[in-house]
Amino acid sequence: MSELQSYQGKATMDKITSLAKRRGFVFQSSEVYGGQNGAWDYGPLGIELKNRIQAMWWKEMTRLHDNIVGLDAAILMHPKTWEASGHVENFTDPLVDCKKCKSRFRADQIPEEKLAEKKCPDCGGELTDTRKFNLMFKSHIGPAEDTASVIYLRPETAQGIYVNYKNIIQSNRMKIPFGIAQVGKAFRNEIVTKNFIFRTCEFEQMEMQYFVKPGTDEEWFNEWRRQRWAYYEKLGVKMDHLRWHQHGKDELAHYAKDAYDIEYLFPMGWRELEGVHNRTDYDLGRHAQFSGKDMQYIDQDNNNERYTPYIIETSAGLTRNLLMILCDAYDEEQVVSEKNSCSSAEPQVPQGTASGTAGSADDWRTVLRFHPDLAPVTAAVLPLMKKDGLAEMAQDIRKELQDDYSTDYDQAGAIGRRYRRQDEAGTPFCVTVDYQSKEDNTVTLRFRDSMEQIRLPRAELSARLRQEIKTYKRIK
Ligand code: GAP
């Protein structure tokens with residue numbers, strides 16, 4: 001695929017998976033028992049990154065919109081919810097098995113001619129007939145395992161919003177148009193889980209449901225498409241790695257009148273990142289029918305006009321966004337030498353200085369070019385040496401920064417190697433404390449992307465970081 005040349009052979013899913021494990025972003029679930037398919041654990045850097053992606057989305061959807069409020073609904077819902085939503089009946093994938101090698105496939109993902117011939121694409125063995133497989137995880141609530149105790153793990157967060165929409169109108173005096181945002185876990189018994197955390201059985205969604213007057217739905221649908229595109233621009237990701245895909249008639253979910261995916265060019269090709277859906281009045285209409293409750297909106301500003309609102313949904317995978325951010329940020333480059341703009345302050349220091357000790361002609365680095373607002377660690381404080389009071393001074397500086405920034409402290413090994421470790425974790429700023437720091441209370445600020453270094457008074461450090469974060473522009 002020619003578009004994949006933009007990765008220039010750098011980011012592959014294998015490299016990203018291995019870096020994620022090595023640096024504590026993502027681990028395989030239950031690894032000591034050989035791993036659990038479709039489930040992943042987020043390590044110290046991973047949870048920080050995930051929290052920041054979630055916080056950016058939350059700010060964008062709630063704080064920056066006067067008419068969107070938040071919700072955290074339970075994962076376990078009354079089982080009738082899923083009959084009403086259509087998931088019991090329609091949320092299925094077509095499944096075939098190979099009788100010979102026992103491989104399992106989604107019938108819509110194997111070549112048509114193989115399916116027609118009933119031939120396994122892996123071993124050529126005979127395939128079973130296609131059967132429908134419901135993706136919802138079923139369990140039982142209470143001690144009895146009978147049909148009356150069946151309960152489902154939610155396959156989307158959206159339904160928790162729909163069944164609460166009237167509560168929120170009443171408690172928060174919302175007027176149409178308005179939105180409800182939610183972030184939370186969802187579960188799907190996916191037949192094929194591959195490509196690391198791209199498609200998993202347990203994942204997180206960031207969904208916003210926008211309630212509008214029928215007839216204005218198409219206008220709002222277009223507006224939300226515009227806003228969601230602008231959001232990724234703001235995140236600073238490579239915009240030529242994003243495109244729209246409109247669902248054809250055969251792709252539309254059972255609830256949708258129109259749907260567009262924002263697709264991202266992952267190392268394995270273009271894949272869905274987020275969906276914008278016009279769900280019409282389907283969900284509220286069905287909940288009214290199955291619960292017997294009135295789901296209509298009463299427009300008090302318009303002669304108490306009653307109608308069932310239409311819903312425009314924006315639905316993004318949080319864990320899939322994290323994978324996208326990792327792929328987007330990943331870079332490898334040859335380092336000729338670390339640039340040094342503060343060498344004039346250094347020569348009198350015989351023990352080595354913060355600058356000039358890293359990099360050689362054949363030195364390569366792996367760097368994650370996260371936006372500083374997303375980076376798990378904003379600033380790492382590194383004493384040039386452990387001795388002579390430099391470590392104490394560096395720890396002191398870390399304490400000063402801790403209240404405002406996520407920080408790391410590293411005193412182990414050569415300074416060049418420590419910079420590389422921070423590059424690989426995506427830390428945008430390193431603060432280095434050297435012998436000159438002790439003399440004049442200045443520090444070196446090293447920038448991850450350009451590897452440039454500047455010298456500045458310690459007292460100006462925090463304000464400078466704030467300014468750098470605010471004005472950050474990705475250079476590669
Ligand atoms: N409420 C609508 C809905 O759930 P969807 O297209 O099925 O729509 C929305 O899912 C988003 O959730 C997707 O664009 C994707 O980012 C994420 N997603 C869906 N299934 C996933 C899975 N098995 N693993 C990880 N993320 C998933």
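Which residues come nearest to the ligand? Of the 20 residues around the ligand, those that come nearest are E156, R188, E190, E207 and E272; a residue counts as near when one of its heavy atoms lies within 4 Å of the molecule.

## Basis of the report

The structure is a predicted model, in which local features need pLDDT of at least 70 and side-chain atom pairs count only at pLDDT 80 or more, while totals for chains, interfaces and linings use all residues. Residues are numbered from 1 along each chain as its sequence is written, and side-chain values use heavy atoms, with hydrogens and water left out.

## The chain as a whole

The protein chain contains 14 helices and 23 strands. Helices (H or I, at least four residues) and strands (E, at least two) are DSSP runs, numbered from the N terminus. Along the principal axes, the C-alpha atoms of the protein chain fill a box of roughly 80 × 65 × 50 Å.

Of its 476 residues, 52% count as buried. Here buried means under 20% relative accessible area, exposed means over 50%, and partly exposed lies in between, with a 1.4 Å probe and protein chains only. The chain exposes about 22300 Å², of which carbon and sulfur atoms supply 47%; accessible areas come from the Shrake-Rupley method with a 1.4 Å probe, and for residues only the protein chains shown count as cover. A contact means heavy atoms within 4.5 Å. Among contacts between residues at least 6 apart in sequence, 69% join residues at least 24 apart.

## The surroundings of the ligand

Three strands, β10 (202-212), β13 (269-278) and β16 (310-317), each supply at least two residues of the shell around the ligand. The largest share, 5 residues, comes from β13. By class, the shell divides into 4 nonpolar, 6 polar and 10 charged residues. In this division Ala, Val, Leu, Ile, Met, Phe, Trp, Tyr, Cys and Pro count as nonpolar, Asp, Glu, Lys and Arg as charged, and the others, Gly among them, as polar.

An N or O atom in the side chain of E190 is 2.8 Å from a nitrogen atom of the ligand. A polar side-chain atom of E313 likewise lies 2.8 Å from a nitrogen atom of the ligand. For Q205, an N or O atom in the side chain is 3.0 Å from an oxygen atom of the ligand. Taken alone, the ligand exposes 550 Å², and the protein buries 93% of that.

## A buried residue in a helix

N321 is located in helix α10 (residues 318-329). Because its relative accessible area is 0%, N321 counts as buried. Leaving aside neighbours within four places in sequence, N321 is in contact with I53, M206, Y232, L273 and A316.

Strand β22 (residues 442-447) and strand β23 (residues 453-457) run antiparallel and are joined by 5 bridges. Two strands pair if DSSP finds at least two bridges between them. V443 stands opposite L456 in β23. The two strands form a hairpin with 5 residues between them.

M451 is placed in the loop between β22 and β23. Although M451 is not a glycine, its phi is positive, at about 65°. M451 counts as buried because its relative accessibility is 8%.

Most residues other than glycine have a negative phi, and most peptide bonds are trans. N195, in the loop between β9 and β10, has a positive phi near 60°. With a relative accessible area of 22%, N195 is partly exposed. A cis peptide bond, with omega about 5°, joins I176 and P177. P177 lies in the loop between α7 (165-172) and β9 (178-187).

D14 belongs to helix α1 (residues 13-22) and counts as exposed, because its relative accessibility is 66%. D14 and P267 are 253 residues apart along the chain, and their C-alpha atoms are separated by 9.7 Å.

Q109 lies in the loop between β5 (104-106) and α5 (112-117) and counts as partly exposed at 45% relative accessibility. Q109 and F25 are 84 residues apart along the chain, and their C-alpha atoms are separated by 30 Å.

Methods. A polar contact is a pair of N or O atoms within 3.5 Å; within protein, one must be able to donate a hydrogen and the other to accept it, and residues adjacent in sequence count only if both atoms are side-chain atoms.
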